Amino acid sequence: MLIRRLPWSAISIAAPFPCRSGGSNGLRIPVRKHLNSSPYSFCYSSGINLPPQPGQETDTRHSQSLKPGLYLVGTPIGNLEDITLRALRVLNSADVILSEDTRHSGKLLHHYNIKTPLMSYHKYNELQREQVVLRRLKQGDVVALISDAGMPGISDPGMELAKLCVSENILVVPIPGPCALVSALSASGLPTDEFTFVGFLPKHSGSRKKRLMVSADQTTTQIYYVPPHKLSQFLDESSSVFGDARKCVIAREMTKLHEEFWRGTLGEAKEVFSIRQVKGELTILIQGQANSKVEPPSDIELESELRELISSGESLSTAVKLVTQKTSVSRKTIYSLALRKFGKQLEVEDDSN
């Protein structure tokens, strides 16, 4: 994308709309007047046509040709401005949009004046819808899939449909967009080089505890999705498994007006949120287990220590005892190594004496 560089200024961008400006691919995005800033004018090569605004009745849904297939479209997790031009183009050009909640998604489509038909697709009707959708895809339709927020298929409907399409050699295309787990992780202040996304915990208490116990032993940052009404339960159970001192971050209302990143220990969180009500789905991150495990010495290192002690006059059994005290390796293992490496040498020395 080629952008005309303008002097830096903080801007607030209004809802985008197409505006011809010196060419068929020109696009101008208006800036709110109170900022006294000239509009950004830029040209681009991706061939993006934004949806028409109210009053424009031209149907441009098929003006941009897309290959038939399933398009997994990322949508905002709270702020309607967090959607890409490519996502808008795909949603506007698709033959049908599969939606987790048609009423919720309808607000997004209405905001951008997208008139593509919606079809409900959620965890309660996935199996019934799959064959209908598959038939449309095989007929050459462009099918877009969106969830209530974020990327489809990530703790949301879509995984099974994507697997089915792959097995049927149908094109599956990701249209990247917002994702709660990545957004929370990036601003958490916890290690981001390695992490484990757990998502929603099982409903059964025994299964939940088992999963938390697995997480508690891992050195990577652990990430969970937690409904607000289950926050107290999650903090009680996780603190009993991870320990009250383990650091955590609770991200809520991300990208919205009241966005918050609460940081502290699980024990502190349990105390704070026992008297505080929260709204909206939560993303909770827990620091990984400190990697305090010491790697056991190798056979070569053990042999070297044994040789040094035996050469200084210690008996084989004493050398084994001294080495065992300095390492986590069992006495039986060290004694077996000592006999194998030094047994014959000691026998020869005893015979010569």
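**Entry 1: α6 against α7**

I looked up which residues α6 and α7 bring together, and found that R208, K209, L212, M213, S215 and A216 in α6 meet Q233, F234, E237, S238, V241 and F242 in α7, where contact means heavy atoms within 4.5 Å. By class, the residues of this contact divide into six nonpolar, three polar and three charged, with Ala, Val, Leu, Ile, Met, Phe, Trp, Tyr, Cys and Pro counted as nonpolar, Asp, Glu, Lys and Arg as charged, and the others, Gly among them, as polar.

I note for the record that this is a predicted model, in which local features need pLDDT of at least 70 and side-chain atom pairs count only at pLDDT 80 or more, while totals for chains, interfaces and linings use all residues. Residues are numbered from 1 along each chain as its sequence is written, and side-chain values use heavy atoms, with hydrogens and water left out.

Two packed helices are described by the angle between their axes and the distance between the axes. For α6 (residues 205-216) and α7 (residues 231-242) I read an angle of about 50° and axes 9 Å apart; the axes are lines fitted to C-alpha atoms, for helices over the stretch in contact, and angles run from 0 to 180 degrees between N-to-C directions. The two helices are therefore oblique to each other, given that angles under 35 degrees count as roughly parallel, over 145 as roughly antiparallel, 65 to 115 as roughly perpendicular and the rest as oblique. The crossing of α6 and α7 is right-handed, a term used if the near helix is turned clockwise from the far one by less than a right angle, with left-handed for anticlockwise.

**Entry 2: α9 against α10**

I then turned to α9 (residues 299-311) and α10 (residues 316-325), which pack at an angle of about 135° with their axes 9 Å apart. That makes α9 oblique to α10, and their crossing is right-handed. L302, E305, L306, L309 and I310 in α9 meet A319, V320, L322 and V323 in α10. This contact has eight nonpolar residues, no polar ones and one charged residue.

**Entry 3: I170**

I found I170 in the loop between α4 (159-167) and β8 (172-175), and its relative accessible area of 13% makes it buried. The C-alpha atoms of I170 and G69 are separated by 6.0 Å, although these residues are 101 residues apart along the chain. Leaving aside neighbours within four places in sequence, I170 is in contact with G69, L134, L137, K138 and C165.

**Entry 4: the whole protein**

I counted 11 helices and 13 strands in the protein, helices (H or I, at least four residues) and strands (E, at least two) being DSSP runs numbered from the N terminus. Of its 353 residues, 41% count as buried. Among contacts with a separation of 6 or more, 67% come from residues 24 or more positions apart.

Note on methods. Buried means under 20% relative accessible area, exposed over 50%, partly exposed in between (1.4 Å probe, protein chains only).
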